[in-house]
Amino acid sequence: MAQAQPASGTETQEMIRFAGEVFVPLPSGALYWRDLEALLVADLHLEKLSSYARSGQLLPPYDTSMTLRRLERDIVATGAKRVFALGDSFHRDEGTKTLLVEDRERLGRLVVQVEWVWIAGNHDPAPHALGGTCCVELAVSGCSLRHEPQTGIAGLIAGHLHPAARVALNGKSSRRPCFVWDDHLLILPAYGVSTGSLNVLSPAFAGLFNREKIQVMMLGRDRVYSVSRQRLVTG
């Protein structure tokens with residue numbers, strides 16, 4: 001059974017054991033795969049605000065830079081040698097061509113620094129020429145990596161739904177992005193700084209998980225927190 005356990009030697013770090021592998025969930029929303037020295041991220045939605053600006057919504061297009069800096073810090077902090085981006089890395093396919101010069105250069109440095117795999121999403125299905133490898137899905141070490149979650153695939157790690165958990169405690173509630181999983185499926189929170197989220201109890205998640213075995217870790221400012229499914233509430 002997939003389960004969360006404290007990491008050896010620390011009280012604040014959590015681990016996720018899933019599909020026979022050990023993962024470290026980060027408060028940024030990334031997932032570090034220890035044995036592969038790989039960082040998994042989902043739903044960066046780079047160039048989202050610049051896409052809005054082109055449609056007439058005048059928002060400052062700084063989200064790409066902020067997301068890339070966050071990713072850069074996580075790569076350095078974990079020592080990751082590879083990155084698996086689980087789809088919707090760009091808010092639109094044309095976002096690969098609208099990057100500001102400094103953002104393109106930063107991304108270029110990251111892509112040559114580590115082994116990089118771009119998995120296609122529903123927002124960015126087309127291959128591009130930014131470096132790394134583009135694919136629809138990937139099977140690695142007993143796990144399947146793809147953008148959209150589905151049932152019937154053991155060891156599936158996905159994104160797409162931007163999961164969040166709302167927890168009630170002592171008459172108060174808190175809502176934060178989260179990792180959510182059971183024995184067969186693990187969904188990452190959205191990594192991009194301008195992304196929204198969906199409550200894991202919403203209809204979008206119906207039928208994906210065994211509700212008796214579902215586990216959740218909420219993102220905090222400096223760490224992640226395991227929460228009991230009995231404390232999950234809608235909204």
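Biologist: What covers the buried residues of H3?

Modeller: In this predicted model, the cover over the buried residues of H3 includes helix H2 (63-78) and strand S7 (115-119).

Biologist: Which residues of H3 are called buried, and what puts them on the same side of the helix?

Modeller: Buried is the word for under 20% relative accessible area, and in H3 that label goes to Asp-103, Arg-106, Leu-107, Leu-110 and Val-111. They sit on the same side of H3 because the arc they cover around the axis is only 135°. The face turned away from that buried side carries Val-101 and Val-112, which are exposed.

Biologist: How do you know that the span of H3 is close to the one expected?

Modeller: H3 comprises 13 residues, 101-113, and from its first C-alpha to its last it reaches 18 Å, which is to be set against the 18 Å expected at 1.5 Å a residue.

Biologist: Which residues touch the most other members of the largest nonpolar core, and which elements give two or more residues to this core?

Modeller: That core has 26 residues, of which Leu-39, Val-41, Leu-71, Ile-75, Leu-107 and Trp-116 touch the most other members. Two or more residues come from each of strand S3 (21-25), strand S5 (38-41), H2, strand S6 (82-85), H3 and S7. A second, separate core of 24 residues includes Leu-36, Leu-86, Leu-186 and Leu-219.

Biologist: Why is the aromatic pair of Phe-23 and Trp-33 called tilted?

Modeller: The centres must lie within 6.5 Å for rings to pair, and planes under 30 degrees apart would count as stacked, over 60 as edge-to-face. Phe-23 and Trp-33 are 4.9 Å apart, centre to centre, with 50° between the planes, and so the pair is tilted. Phe-23 lies in strand S3 and Trp-33 in strand S4 (residues 31-33), 10 residues apart, and both Phe-23 and Trp-33 are buried.

Biologist: What makes Trp-116 and Trp-118 a tilted pair as well, and which residues do ring pairs link into a cluster?

Modeller: For Trp-116 and Trp-118 the values are 5.3 Å centre to centre and 40° between the planes, so by those cut-offs this pair is tilted too. Ring pairs link Phe-90, Trp-116 and Trp-118 into a cluster, and both Trp-116 and Trp-118 are buried.

Biologist: Where is the pLDDT below 50?

Modeller: The protein averages a pLDDT of 90, and 89% of the residues score at least 70, but over residues 3-12 the pLDDT is below 50. Where pLDDT is low, the predicted coordinates should not be read in detail.

How values were computed:
Residues are numbered from 1 along each chain as its sequence is written. This is a predicted model: local features need pLDDT of at least 70, side-chain atom pairs count only at pLDDT 80 or more; totals for chains, interfaces and linings use all residues. Side-chain values use heavy atoms; hydrogens and water are left out. Helices (H or I, at least four residues) and strands (E, at least two) are DSSP runs, numbered from the N terminus. The expected span of a helix is 1.5 Å times one less than its number of residues. Buried means under 20% relative accessible area, exposed over 50%, partly exposed in between (1.4 Å probe, protein chains only). The arc is that of the directions from the helix axis to the C-beta atoms. Contact means heavy atoms within 4.5 Å. A nonpolar core is a set of buried Ala, Val, Leu, Ile, Met, Phe, Trp, Tyr and Cys residues joined through side-chain atoms within 4.5 Å. pLDDT is the predictor's confidence in each residue, from 0 to 100. Rings of Phe, Tyr and Trp (its six-membered ring) pair if their centres lie within 6.5 Å; planes under 30 degrees apart count as stacked, over 60 as edge-to-face and the rest as tilted.
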